[in-house]
Amino acid sequence: MKKVVLSIVLCLPFALLAQATPEMIFSQVMLTPKPDKITEFEAGISAHNKKFHSEGLQGATVYWIANGKNSGKYIWNTGPMPWAALDAGHPDKANHEGDWNKNVAPFTTGNDEAFFFTADFANSNFSKDFTQKNLSVFMLDIKRFKNMEFMELMKKVKKVYAEKMPERIYGVYHNAMPSNDDRTFERDMGWVEFFDSMGIFGEDDKFPQYYEEVHGANTFLDFVKAFENVTNGDMMELWNFRADLSGTDGKVEAIARQ
């Protein structure tokens, strides 16, 4: 498990609310700016978010993807919100859509991808206040009908973090509408770690050692085998929070969510 900063699509990292439940969703869109229109794209989405997405359910955060096949793309994130909020849309719908269509959409390639994620606070750790800066997003493609087995493994991971790395702040998110198209990798679940310094990637990976200290000697290999049995694969992306492009300031308060 890479650096076991065990970090996910997706999504999402985000303006979190204490009353969020599995019925509360985060809406994310992965946007690709035209290579020669990045300046215009950033100016447009920054102004749009500060005008229409500065607070409440419509509050928006923007992330820049720093590695992998999606590097250079942007994540536009809103929520959490109840599903019913999608029926009403933005309270200033006409002006909101007009502004987006005029000042943001024309500067993208149009090859957008949209996702809905639910927050799993029972398996997350938001035990202190922090302001978002960097996100390590560890995404997992879970095999069909293996979700229950996978979540049993997640409980073991959570126990390791709770006992050995309680200072690590992370969120677990589930894809609310997984697709079954021609994608070779499905973003079913994301483990997102929030951190300040890139130095974290230069640290020794002690997760295997910690795992056996918590669960017993010679147990890590069995964990790896079980993990392989319930997943089709994984990938990790580094997201940088772009305060200059966001409608909110990226602050997350420590409120009992577990």
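In α1, residues E40, G44, I45, H48 and F52 meet N95, H96, D99, W100 and N103 of α3, where contact means heavy atoms within 4.5 Å. Helices (H or I, at least four residues) and strands (E, at least two) are DSSP runs, numbered from the N terminus. The model is predicted, so local features need pLDDT of at least 70 and side-chain atom pairs count only at pLDDT 80 or more, while totals for chains, interfaces and linings use all residues. Residues are numbered from 1 along each chain as its sequence is written, and side-chain values use heavy atoms, with hydrogens and water left out.

**Helix packing**

- Two packed helices are described by the angle between their axes and the distance between the axes.
- Axes are lines fitted to C-alpha atoms, for helices over the stretch in contact, and angles run from 0 to 180 degrees between N-to-C directions.
- Helix α1 (residues 38–52) packs with α3 at an angle of about 170°, and their axes are 9 Å apart.
- The helices α1 and α3 are therefore roughly antiparallel to each other; angles under 35 degrees count as roughly parallel, over 145 as roughly antiparallel, 65 to 115 as roughly perpendicular and the rest as oblique.
- The contact of α1 with α3 has 3 nonpolar, 5 polar and 2 charged residues; Ala, Val, Leu, Ile, Met, Phe, Trp, Tyr, Cys and Pro count as nonpolar, Asp, Glu, Lys and Arg as charged, and the others, Gly among them, as polar.
- Helix α4 (residues 147–164) and helix α5 (residues 207–215) pack at an angle of about 95°, and their axes are 9 Å apart.
- This angle makes α4 roughly perpendicular to α5.
- On the α4 side the contact is made by K156, V157, K159, V160, Y161, E163 and K164, and on the α5 side by F207, Y210, Y211, E213, V214 and H215.
- The residues of the contact of α4 with α5 comprise 7 nonpolar, 1 polar and 5 charged.

**The largest pocket**

- Rolling a probe the size of a water molecule over the atoms shows where empty space is left.
- The largest pocket holds about 510 Å³ of space.
- On a 1 Å grid over the protein atoms alone, a cavity is a set of points where a 1.4 Å probe fits but cannot get out, and a pocket is an open set with protein on both sides within 12 Å along at least five of seven lines; lining residues have an atom within 4 Å of a point.
- Grid points are joined across faces, edges and corners, and a volume is the space filled by probe spheres set on the points.
- This pocket is lined by 21 residues, of which S27, H53, Q58, W76 and H96 are the closest to its centre.
- Two or more lining residues come from each of β1 (24–31), β3 (74–82), α2 (85–88) and α3 (93–103).
- Helix α3 gives the largest share of the lining, 5 residues.
- By class, the lining of the largest pocket has 9 nonpolar, 9 polar and 3 charged residues.

**Buried residues in loops**

- L245 lies in the loop between β9 (231–241) and β10 (251–252).
- With a relative accessible area of 3%, L245 is buried; buried means under 20% relative accessible area, exposed over 50%, and partly exposed in between (1.4 Å probe, protein chains only).
- Not counting residues up to four places away in sequence, L245 touches E42, I45, S46, N49, K50, V62 and Y74.
- R242 is placed in the loop between β9 and β10 and is buried, with a relative accessible area of 19%.
- Among the residues that R242 touches, not counting those up to four places away in sequence, are E42, V62 and Y74.
- N123, in the loop between β4 (113–119) and β5 (130–131), is buried at a relative accessible area of 10%.
- Leaving aside neighbours within four places in sequence, N123 is in contact with M151, K158, Y170 and V172.

**Backbone features**

- Most residues other than glycine have a negative phi, and most peptide bonds are trans.
- G79 and P80 are joined by a cis peptide bond with omega of about 5°, and P80 lies in strand β3.
- F145, in the loop between β6 (134–142) and α4, has a positive phi of about 65° although it is not a glycine.
- F145 is exposed, with a relative accessible area of 74%.
- N218 is found in the loop between α5 and α6 (220–230) and has a positive phi near 65°.
- N218 counts as exposed at 64% relative accessibility.
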